[in-house]
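Work through the following exercises with the model open beside the text. Each task is followed by a solution that goes step by step.

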Amino acid sequence: VGDGCDGDIYTIAIDSASNVLFMGGAFLSCGNVSTPYIASYDIANASYASLGVPLTGPVNKIVVSSGGWSTLYVGGNFTVTDGSGQTVSNAAIYQSNTNEWSSLGNPNAPIRAIALQGDVVYLGGDFTTIGGESISGLAVKAGDYFLPIDGAPT
């Protein structure tokens, strides 16, 4: 798309309501715009943009949930500062209307997969703790709680 990114892209997701493509991976810029590890591309305007405070490492997975404003669920091997100045690790939620990041359980190792089903978020990766709970590799976030999924490796 356009001038492209200067590194590998591992994941893409589209918000069809806003006609914006999101990409994550191991890159630092896209289309000559500084976009460390995650970027958006406005299809109608053919332009790249960064998303809030820069991430510190690669993004493995992006899932988009839209409801007027894009909400991104992002997993990888990174840290980022949330809206209150706290460090968020490996899994985060980005709100396009506020241009801010928030925590998604601070797993202790990289996230490799994310899926949404309504308001329920499923996360897979190399972690052994998430949301303050001892959960290995596969977890579900329902409401404010993280739970293991029956049959997941322990």
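**Exercise 1. Burial and ring geometry**

Task: Determine whether Tyr-94 and Trp-101 are buried or exposed, and classify the pair that their rings form.

Solution: In this predicted model, Tyr-94 is buried, and Trp-101 is buried as well. A pair of aromatic rings is described by the distance of the centres and the angle of the planes. For Tyr-94 and Trp-101 the centres are 5.0 Å apart, and the angle between the planes is 55°.

Task: State how many aromatic pairs the rule finds, and classify the pair of Tyr-41 and Tyr-48.

Solution: The rule gives two aromatic pairs. The ring centres of Tyr-41 and Tyr-48 lie 4.8 Å apart with their planes at 55°, and the pair is therefore tilted. As to burial, the cut-off is under 20% relative accessible area; Tyr-41, at 8%, is therefore buried, and Tyr-48, at 12% relative accessibility, counts as buried too.

**Exercise 2. The nonpolar cores**

Task: Identify which residues touch the most other members of the largest nonpolar core, and which strand gives the most to this core.

Solution: The largest nonpolar core has 18 residues, of which Ile-38, Leu-55, Val-59, Ile-62, Leu-72, Val-74 and Trp-101 touch the most other members. Turning to the strands, at least two residues of this core come from each of strand 2 (20–26), strand 7 (59–66), strand 8 (70–81) and strand 9 (87–95). Strand 8 gives the most, namely four residues.

Task: List residues in contact with Val-59, leaving aside its neighbours within four places in sequence.

Solution: With those neighbours left aside, the contacts of Val-59 include Tyr-10, Thr-11, Gly-24, Gly-25, Tyr-37 and Ile-38, and also Val-74, Gly-75, Gly-76 and Phe-78.

**Exercise 3. The overall fold**

Task: Describe the secondary structure, and explain why the protein is as compact as a globular protein of that length.

Solution: The protein has 16 strands and zero helices. Its radius of gyration is 15 Å, close to the 15 Å that the globule rule gives for 154 residues, which means that the protein is as compact as a globular protein of that length. Along the principal axes, its C-alpha atoms fill a box of roughly 45 × 30 × 30 Å. Buried residues make up 42% of the 154 residues, while the protein exposes about 7,500 Å², of which carbon and sulfur atoms supply 47%.

How values were computed. Residues numbered from 1 in each chain as written. Predicted model: local features only at pLDDT ≥ 70, side-chain atom pairs only at ≥ 80, totals over all residues. Heavy atoms only, no water. Phe/Tyr/Trp six-rings, centres within 6.5 Å; stacked < 30°, edge-to-face > 60°. Buried < 20%, exposed > 50% of the residue type's maximum accessible area, 1.4 Å probe, protein only. Rg over C-alpha atoms; globule rule 2.2 N^0.38 Å. Areas by Shrake-Rupley, 256 points an atom, 1.4 Å probe, with all protein chains shown as cover. Core = buried A, V, L, I, M, F, W, Y, C linked by side-chain atoms within 4.5 Å. Contact = heavy atoms within 4.5 Å.
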